[in-house]
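Have a look at the model first, then read on.

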Amino acid sequence: MSAEKKLTQLSEVGEFGLIKLLSNKITIENKSTLKGIGDDAAVLDFSGKQVVVSTDLLVENVHFDLAYVPLKHLGYKSIVVNLSDIYAMNAKPTQVTISIAMSSRFPVEAVEELYEGMRLACKRYGVDIVGGDTSSSIKGLIISVTALGEVEKGKAVYRNGAKLNDILCVTGDVGAAYMGLQLLEREKQVFKTDPNMQPELENYEYLIERQLKPEPRNDAITFFAENGILPTSMIDISDGLSSEILHICEESNVGCRVYEDKIPLDPDTDRFARELNIDPSIAALNGGEDYELLFTISPFDYEKIRNNPVFSAIGHITDIERGTFLVARDESEIPLEAQGWRHN
Ligand code: ADP
Ligand code: MG
């Protein structure tokens with residue numbers, strides 16, 4: 001980098017200056033937001049709707065690595081992971097608050113970059129930034145986002161409503177974000193050994209995008225609303241398909257059969273997993289960070305989604321006594337584990 005603009009130290013603008021800088025570009029879209037940034041607290045009015053709240057904490061070098069995550073992407077993703085939790089309740093996200101702590105190693109421009117990604121995600125999903133907190137940290141960057149959303153009374157979908165014979169479904173495809181992470185990690189190691197090497201990320205743009213810039217499944221929630229569908233249970237896939245299936249089964253006191261050959265994989269996920277000698281099904285079941293929705297639906301409602309390419313039926317709900325199993329391609333039954341499954 002030569003002749004670049006001089007970067008601004010955080011100490012030059014101070015906490016209030018920084019808040020002003022960040023909040024200047026924020027606009028309000030939801031009528032439920034009566035008062036946003038600028039007072040001691042935001043004021044919201046949900047006029048009779050139920051309010052859904054979810055928080056996530058992201059810590060540098062625990063949840064993200066700035067060696068290969070651009071700040072704008074990090075901002076975008078830190079919003080998306082929270083919106084995904086709100087959608088997983090069958091709710092519509094409406095507001096977020098954003099708290100950040102960062103060390104003096106981050107110039108003002110870095111924080112603005114982070115916020116640009118955050119604003120972009122909020123705009124895309126029609127969400128207002130209504131407050132937050134700003135602090136310095138001794139080391140590294142810490143981001144906490146709280147998302148609020150609204151849902152009509154009786155329409156919130158929990159993890160505990162799955163019933164015998166319900167169909168287990170998933171949106172989109174799974175395992176790609178995990179394979180994207182493997183790719184980025186591999187290139188980071190290559191870069192460490194030879195800084196002159198250019199990363200080889202071509203041909204796998206989809207995997208990289210799934211890792212760096214995931215999108216939440218608001219389309220599924222809209223489809224449910226427009227077609228009078230109420231899933232019996234739902235969860236978003238942050239820790240991995242297998243572990244989320246077990247959450248639903250545990251909370252609902254049921255068992256399940258999940259069919260390996262029904263798990264939706266993108267061809268790139270399959271190809272890159274094989275290249276690394278990883279079983280693609282393991283990547284899909286254990287991978288995590290897909291931010292797809294996993295849900296159960298009554299066989300009657302299933303008719304309404306079966307022809308929609310967004311959704312894949314991957315199994316069904318059984319009595320709890322029958323356990324939680326993956327039916328492998330060779331028809332053997334393998335117990336699902338929080339970290340995927342083990343071959344016998
Ligand atoms: P307080 O002293 O009450 O914590 P602050 O000076 O921290 O107030 O914040 C002033 C206003 O700016 C508040 O409305 C707060 O919600 C908002 N705010 C502070 N930090 C952020 C941030 N990182 N993102 C969005 N809003 C923020
Ligand atoms: Mg404050």
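**Helix packing and the ligand site**

Helix α1 passes α3 in a right-handed crossing (right-handed if the near helix is turned clockwise from the far one by less than a right angle, left-handed if anticlockwise). Keep in mind that this is a predicted model, where local features need pLDDT of at least 70, side-chain atom pairs count only at pLDDT 80 or more, and totals for chains, interfaces and linings use all residues. Residues are numbered from 1 along each chain as its sequence is written, chains are lettered from A and ligands numbered from 1 in the order in which they are written, and side-chain values use heavy atoms, with hydrogens and water left out.

**Helices** (DSSP runs of H or I, at least four residues; strands are E, at least two)

- The axes of α1 and α3 (residues 108-124) come within 11 Å and cross at roughly 15°.
- The α2 and α3 crossing is right-handed.

**Around ligand 1**

- There are 13 residues around ligand 1, and Gly 38, Asp 39, Tyr 115, Gly 132 and Thr 134 come nearest (a residue is near if one of its heavy atoms lies within 4 Å).
- Backbone polar atoms of Asp 39 and Gly 132 each sit 2.9 Å from a ligand 1 oxygen.
- For the side chain of Asp 133, an N or O atom is 3.3 Å from an oxygen of ligand 1.
- Two or more shell residues come from each of α1 (10-23), β4 (92-102) and β5 (128-136), and β5 gives the largest share, 4 residues.

Methods:
A polar contact is a pair of N or O atoms within 3.5 Å; within protein, one must be able to donate a hydrogen and the other to accept it, and residues adjacent in sequence count only if both atoms are side-chain atoms. Axes are lines fitted to C-alpha atoms, for helices over the stretch in contact, and angles run from 0 to 180 degrees between N-to-C directions.
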